[in-house]
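Hi,

Here is the structure I promised to pass on. Have a look at it first, and then read on for what turned up.

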Amino acid sequence: MSDLILEMKDISKSYGGVHALKHVSLDLKKGEVLCLCGENGAGKSTLMKILAGVEPPSGGEIYVDGKKAIIQKPLDAFHLGISMVHQELVQIEDMSIAENIYVGRYETKAGFVNYKDLYQKTEELMKKIGIDLKPDSLVRQYNVANRQLIEIAKAMSHDLSIIVFDEPTAPLTIEETDNLYRLIRKLKEDGIAVILISHRMEDIFAVGDRVEVLKDGENSGVLNVAECTTDDIVRLMIGRQMTQQFPEKTNTIGDTILEVKHLSNDNITDISLSLRKGEILGVAGLVGAGRTELLRAIFGVDPSRGEILLNGEPIKNKTPQQGLKRGFALVPEDRKDQGLILGQSILQNMVLSILNKISSGGIVNSSKETGICEEYIQKLRIRCSGRNMLVRMLSGGNQQKVVLGKCLASKPDILLLDEPTRGVDVGAKAEIYKIINNLATEGISIIVVSSEMTELLGISDRILVMHEGHLSGELSMEEASEETIMKYAISHKSA
Amino acid sequence: MKNKKQNSDLLTKLISSKYFELSGLICLIIVYSIFVQVRSGGSFLSSNNITNILKEIVVYGILSCALAFPVINGTFDLSIESTCALGGTCCALMVTKGLFGLKTNMVVAVLITVVICACIGAVNGLIVSRTKIDPFIVTLGTQTAVRGIVYIVCDNQAVTSLPDSFKNLSAGKFLGISVSIWILALVFIFMALIMGKTSYGREIYAIGGNYQAAFISGINVKNVRFSTYVISGALSAIAGILSTARVGSATPNAATGYTTIAISACAIGGVSLGGGKGLTIGVFLGALMMGMITNGMNLMFISSNWQYVIRGALMIIAVFYAQWFNSMSNRAVSKQAKEE
């Protein structure tokens, strides 16, 4: 009993009538890595926010080291030795690493910060965890992986007993991920308890000791990592056996519709590919391999050199406007930043690309508009209280469907999908796969970029792999597997 | 039970309606009207005084529209007050001693003035849409520069002895109502039609709501952004001409500080200074409230110094109300959604 560093008992949280957490319990031993899993909206983040003092619980008790703890604000959590490395890193970009780590705790002499001391202290701290960065350099110049390390150093600068990672490996490359695993193991050796929120099974099996699964704001089960399989975890996450997630393929592939030859710009180098009518072409690769940039270049968002043939005719999309006119449509990777106007209604978002088509004399025809909007709300089964509902109020999956609807409303021949199921829960994912398959069956040609290999393997007809801006491989579905994709994704060797 | 459900449906619909956000402002206008009506012994709501208020708000009402276009588009325009002064001065010069030798009749003068000011707007628009300089800085620069041009154009002197055709824009009446009020109404109707009914208006809202998303959705973001400044310049010209007509002379320091009033009117009227949000009727009510403050307090013999204090406080309260209101209606909607 004495080795329990943290116990959370019967934690509940509701937001104005909506129950985010219902009597959730969790315990954590010293020097243990506990993985926290669950679908989006299962309550993982809420639970951790309560632990870190970002949100107060509506009910329940927390014991730290056997003593009852009251955590009302982040400072309370700090004093108890609890630190959190957030998914979206919150750092002051134009300040140095040292200043960021010790922000609010500077040692001063007559009101002036003692920088020499500060840098030295930071240097020692970073050496302890094995980070090799300059304490006086600005945070701005570092990439996500390094910033995460800085954040970890910041957590370590407190007297730390519990550290929470919120989806730490999502933006990292393989090497960086390995590096982080090593660091987590080191923390563990030092007797620090780690809570790791992650979607990725790799993370769980690499560093986890136990897995706590949440579902719909309730405990779903605990497993020992050494004794469980991916299927066990998924079953707890979705509360049922993982059934047919991908639809049976029904699309027939026709003639070549699009040919891209030697496409290059700052982020992609000499990409050539072809796409056929009704085909679903998957594009795999690591984050930063240039997949997003490829789609953006084809659609006309970013400038590029090279040749694009549409039905044999050379074309050049210089703006998204031209892309749309030629029958392209893009579902961007970040729906909140690039796909949607969150503060506006489903209706307003849905017709954004076809405003000219539904207007006569500059005036929007409201019956055409509502007709089209209702058509796609039904076709894509968007769950909402009505077409005037603000997009901000929709769940991730339904938001993504609105982006899809907006693209489909322009009746594209070629649909470019960038991470179409990111941040979407398992149920909505399956629906989106079905939609993609149906669209291809209707004769739309589709290029799908995804970081989830199972997804690409499940829906594609052919898979291209990119590595550092180059095309590193092309795989037929017979050749493609997670291993072969990964091989091409990490090594730049043409097949 | 079913009835209750219907009621709550209706309530949610009402609360989540975009017009309901203006409820606070409308309540304020009503309460304020009653209060001043009682204190002033019944003169506040007389038809004579209401006409006065409307005449009062003509200039900054139109300027509020001029500002609202770029603001809803997600940018800003601080130069409207200088453009307004330039408009008044140019038009007055053309019908009196001549603008660099150019003398003409009233109608042509108005047209030329609108074109000149639209060009000022075009300069703003070009810089804002084609560079990454903050619109705040760009238009602060043009505000100063254009004010300088006004002094150069009028040679540091007020333009006086305007012909009756000019003064009649304010003093003249059509169907018993001042011509300037008719113009005010036309400007607001023009804006309501553009923002509410046209695809162009939708594009303005979309760009203000999310520039990147609008761009990827195939909207010509740069051209739309540019055009909002042209509209802003043209409307400022009209405001300037009406201001000159009302005073009877064009002074080079005219309309100084009017940008602040226009910002207040927009903010009180629910236009989000972050862009993407704002109703024409809200801008009108905001401008009306501004006019009622001045007029009502004059009737109650409250000094103009205090009027500033109250105007400032009101603006902060109004924006606070709008935010509080938004969070309330969001909560109501999400609760409703959860129950379903």
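Let's start with a question: which strands of chain A does helix α17 (residues 482-490) lie across? The helix lies across β15, β23 and β24 of chain A, and runs at about 30° to β23(A). Before you go further, keep in mind that this is a predicted model.

**The sheet**

Those strands belong to an open sheet in chain A, made of 6 strands in the order β18-β21-β22-β15-β23-β24, with mixed pairing. At the edges you will find β18 (328-331) and β24 (470-476); each has a single partner strand, so one side of each has no neighbour in the sheet. From one strand to the next, the twist averages 20°. As background, the strands of a sheet pair through backbone hydrogen bonds, either parallel or antiparallel.

In soluble globular proteins, nonpolar side chains tend to be buried together. The largest nonpolar core here has 120 residues, and the members that touch the most others are A:Leu258, A:Leu263, A:Phe328, A:Leu416, A:Ile447 and B:Phe166. Which helix gives the most to this core? That is helix α3 (residues 47-72) of chain B, with 14 residues.

Leaving out residues up to four places away in sequence, its contacts include A:Leu258, A:Ile298, A:Phe299, A:Pro412 and A:Leu416. There is also a second, separate core of 52 residues, with A:Leu340, A:Leu355, A:Leu456 and A:Ala489 among them.

**Salt bridges**

Over all chains, the structure holds 26 salt bridges. Here are a few of them:

- A:Arg296 and A:Asp302 form a salt bridge with their closest N and O atoms 3.0 Å apart, and both residues are buried.
- A:Arg383 and A:Glu431 meet at 2.9 Å, N to O. A:Arg383 sits in the loop between α13 (366-379) and α14 (396-409) of chain A, while A:Glu431 is in helix α15 (residues 426-441) of chain A, so this pair ties together parts that are 48 residues apart in sequence. A:Arg383 is partly exposed, with a relative accessible area of 49%, whereas A:Glu431 is buried at 14%. Elsewhere, salt bridges that share partners join A:Asp27, A:Lys29, A:Glu32 and A:Arg210 into one network.
- A:Lys29 and A:Glu32 form a salt bridge with the closest N and O atoms 4.0 Å apart. A:Lys29 is partly exposed, with a relative accessible area of 30%, but A:Glu32 is buried, at 6%.

**The cysteines**

A disulfide is a covalent bond between the sulfur atoms of two cysteines. How many does the structure hold over all chains? The count is 0. A:Cys35 is in no disulfide, and the nearest cysteine sulfur, in A:Cys37, is 6.1 Å away. A:Cys35 is buried, with a relative accessible area of 1%.

Enjoy exploring!

Methods: Residues numbered from 1 in each chain as written. Chains lettered and ligands numbered in written order. Predicted model: local features only at pLDDT ≥ 70, side-chain atom pairs only at ≥ 80, totals over all residues. Heavy atoms only, no water. Salt bridge = Lys/Arg side-chain N within 4 Å of Asp/Glu carboxyl O. Buried < 20%, exposed > 50% of the residue type's maximum accessible area, 1.4 Å probe, protein only. Helix = DSSP H or I, 4+ residues; strand = E, 2+ residues; numbered from the N terminus. Pairing = 2+ DSSP bridges. Axes fitted to C-alpha atoms, helices over the stretch in contact; angles between N-to-C directions. Contact = heavy atoms within 4.5 Å. Core = buried A, V, L, I, M, F, W, Y, C linked by side-chain atoms within 4.5 Å. Disulfide = S-S within 2.5 Å.
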